[in-house]
Amino acid sequence: MKNFKFILGLGIAMMNMVYGQELKSPNGNFVMDFSLSKDGKPTYQLRYKGKDVVKPSHLGFEFKTKLKEMDFAVQDRVEDDRAKDIANFLSGFTIIDTKSTSFDETWKPVWGEVDKIRNNFNELAVTVSQPKTDRQMIIRFRMFNDGLGFRYEFPEQKNLKYFVVKEEHSQFAMAGDHTAFWIPGDYDTQEYDYTESKLSEIRGLFDKAYIGNASQKAFSKTGVQTALMMKASNGLYINLHEAALINYPAMSLNLDDKTLTFESWLTPDALGDKGYLQAPFNTPWRTVIASDDAREVVASKITYNLNEPSKIKDTSWIKPVKYIGVWWEMITGKSSWAYTDDFSTVELGVSDYSKAKPNGKHGANNQHVKEYIDFAAANGFDAVLVEGWNEGWEDWFGNHKDYVFDFVTAYPDFDVVGLRDYAKSKGVKIMMHHETSGAVRNYERHLDKAYKFMNDNGYTSVKSGYVGDIVPRGDYHYSQNIINHYQYALEKAAEYKIMVNAHEAVRPTGIARTWPNLIGNESARGTEYQSFGGSKPNHVTILPFTRLLGGPMDYTPGIFEMDLTKLNPDNHSHVNSTLANQLALYVTMYSPLQMAADIIENYKRFPDAFQFIKDVPVDWQDSKYLEAEPGKYLTVARKDKKSNNWFVGNVNGDTPRTTKIKLDFLEKGKKYEATIYADGKDAHFKTNPQSYKIETKKVDAKSVLDLTSQAGGGFAISIKEIK
């Protein structure tokens with residue numbers, strides 16, 4: 001009887017589906033089936049080695065109706081049916097064409113974890129038509145050996161020219177109650193600690209996970225953000241994300257916790273609309289990465305491969321950067337961005353700073369910046385970031401102020417020309433800082449002038465920021481309008497040969513392949529939160545599986561003093577990391593832009609540990625993920641792009657762990673010297689974070705290292721060829 005019921009159920013399911021096309025990955029491990037349901041809903045399902053990754057899930061859109069465009073007189077009488085016809089782009093489709101192709105290339109990134117990336121996929125493009133409205137859409141699938149990407153394409157056509165998206169309805173039906181590593185769905189911020197839970201537990205844990213932020217807007221108690229990392233009970237690792245986010249709102253996911261089905265949830269604008277489109281138009285790609293080996297997920301290059309090749313022809317000016325800066329002291333409250341306490345409000349061009357009394361806490365002063373320039377020059381750093389150099393910081397935050405900064409006028413104690421020349425004499429660059437306070441219209445008004453100012457004064461890179469609510473008021477950080485702003489600022493920067501590191505912007509989606517001057521983003525909970533109450537000690541074991549899949553993060557590691565009362569007696573936060581863990585981050589948290597974030601005095605206290613930060617490169621020839629388990633641990637080995645030297649990093653979660661590291665990635669027949677920076681036996685992220693040990697060993701490709709990482713700890717290894 002059980003077999004009969006199963007066969008009957010299967011038969012009913014088959015009757016409700018019009019089976020279409022099958023698409024396999026080049027290695028055959030992935031199989032995707034596309035079909036139309038009985039009522040014409042585009043449907044796909046995905047399997048990996050015979051295991052369900054995505055169960056049958058629907059695809060489509062709901063458009064906003066525009067009754068004024070209806071070609072009939074009595075709207076009230078026909079509103080319901082006609083409006084439904086216009087809005088519905090979910091069902092009633094027929095398949096009118098399918099095309100299958102294969103592609104295989106190898107391309108070279110300007111910077112990266114590897115010096116070459118293979119882009120190999122099989123593609124299926126399905127053209128569907130909705131006869132009732134005479135509208136068409138192409139759903140394009142690309143299957144790689146590490147997962148699937150799909151997007152919607154709206155070709156030029158008579159009955160679909162300008163249209164407004166009410167919602168995209170891309171579904172991802174999960175095959176079980178997976179363990180997920182998630183942050184709350186939000187229109188304005190990704191700066192959350194990750195919560196690990198079953199999918200069915202998200203609703204009950206949402207309020208606890210939704211901690212305060214300078215700007216935030218949740219949309220659902222089961223809403224989460226991408227990249228979303230999951231692990232199934234059968235050992236399958238699954239990641240949901242998007243790629244090539246251009247002229248479109250960012251996608252979050254809303255979970256139906258009864259059916260365990262995720263559905264896309266786009267960020268609206270101030271009017272509540274989700275996207276203003278004009279055909280022809282291609283949406284961003286939706287990505288599903290899966291493997292039975294977590295290392296393959298974290299190493300995936302799908303997100304980059306789904307972006308277009310570089311649009312910058314001459315990339316010689318784009319160079320990885322290792323920097324220090326006047327920043328952590330402000331974050332901890334040791335010093336201030338503001339020059340004076342005399343002004344409670346500021347009016348640019350009117351407030352006379354020459355008559356204001358300095359507050360004595362301003363970090364961006366000439367003498368202090370010169371100290372950082374000297375330290376950078378003496379220790380091989382490329383640049384010095386200086387925040388708080390420009391007028392306006394006295395009332396910059398929380399006032400919805402439009403004309404908040406002009407990005408060119410310095411405080412009286414910051415000599416732009418003098419510091420420029422001093423830095424140049426030392427072989428160091430100063431990194432520009434542009435905080436917008438969310439006033440994007442003001443920033444766009446000043447961009448050309450600000451970038452020209454940078455060119456004139458030798459600044460080749462800028463850290464931009466978008467703290468607080470967006471101005472114009474009512475819009476969100478991840479709406480289509482503001483996504484377009486980030487892209488405009490990036491492309492305008494390329495015209496001036498400026499590299500961009502945007503903070504509080506949308507999380508990256510592989511755009512850096514197309515615009516490699518995007519050398520970094522924050523767009524997640526970074527080190528600064530260690531000064532705002534602390535982050536979970538396993539936070540850095542999750543970020544490479546989530547945030548970093550779309551592009552590098554300016555995480556700002558390298559903190560050596562974890563007790564922040566020693567910098568500011570009023571700051572009782574604790575950096576939840578061991579010192580060895582902080583060193584490992586330079587390898588595990590990939591970025592071509594790496595900061596030694598602590599203050600100079602703390603590096604001088606630990607010169608032996610600081611040596612690793614001085615030695616570690618920021619650009620790589622090859623990378624090997626040796627061990628990986630989200631939320632637990634990650635061990636990565638990377639080969640310097642300019643030598644045969646290797647560097648290894650391990651970050652550990654809450655539980656002490658001993659591991660054996662095989663060095664078989666080293667070139668056979670060559671000898672190396674390994675310098676190991678490891679947790680001390682009594683190290684602990686909370687009680688004894690500065691306990692570390694350093695030892696040197698002769699090694700080769702046959703060597704195996706036995707190493708222990710303590711709670712919130714890790715290790716870093718510098719492996720240099722002996723010539």
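First, the ground rules. This is a predicted model, where local features need pLDDT of at least 70 and side-chain atom pairs count only at pLDDT 80 or more, while totals for chains, interfaces and linings use all residues. Residues are numbered from 1 along each chain as its sequence is written, and side-chain values use heavy atoms, with hydrogens and water left out.

Now the overall picture. The chain holds 14 helices and 37 strands; these are DSSP runs numbered from the N terminus, with helices (H or I) of at least four residues and strands (E) of at least two. Along the principal axes, the C-alpha atoms fill a box of roughly 75 × 70 × 50 Å.

A contact means heavy atoms within 4.5 Å. Of the contacts with a separation of 6 or more, 71% are between residues 24 or more positions apart. Buried means under 20% relative accessible area, exposed over 50%, and partly exposed in between, using a 1.4 Å probe and protein chains only. By that count, 63% of the 723 residues are buried.

On to the core. A nonpolar core is a set of buried Ala, Val, Leu, Ile, Met, Phe, Trp, Tyr and Cys residues joined through side-chain atoms within 4.5 Å. The largest one has 205 residues, and Phe141 is one of those that touch the most other members. Leaving out residues up to four places away in sequence, Phe141 touches, among others, Leu23, Met32, Tyr44 and Phe150. A second, separate core has 18 residues, including Ile661 and Tyr672.

Last, the backbone. Where are the cis peptide bonds? One runs from Ala279 to Pro280, with omega near 0°, and Pro280 lies in the loop between strands E20 (275-278) and E21 (281-282). Another joins Val471 and Pro472, with omega about 15°; Pro472 sits in the loop between strand E26 (461-465) and helix H10 (480-495).

Lys49 is not a glycine, yet its phi is positive, about 50°. Lys49 is in the loop between strands E3 (42-48) and E4 (51-58) and is partly exposed, at 46% relative accessibility.
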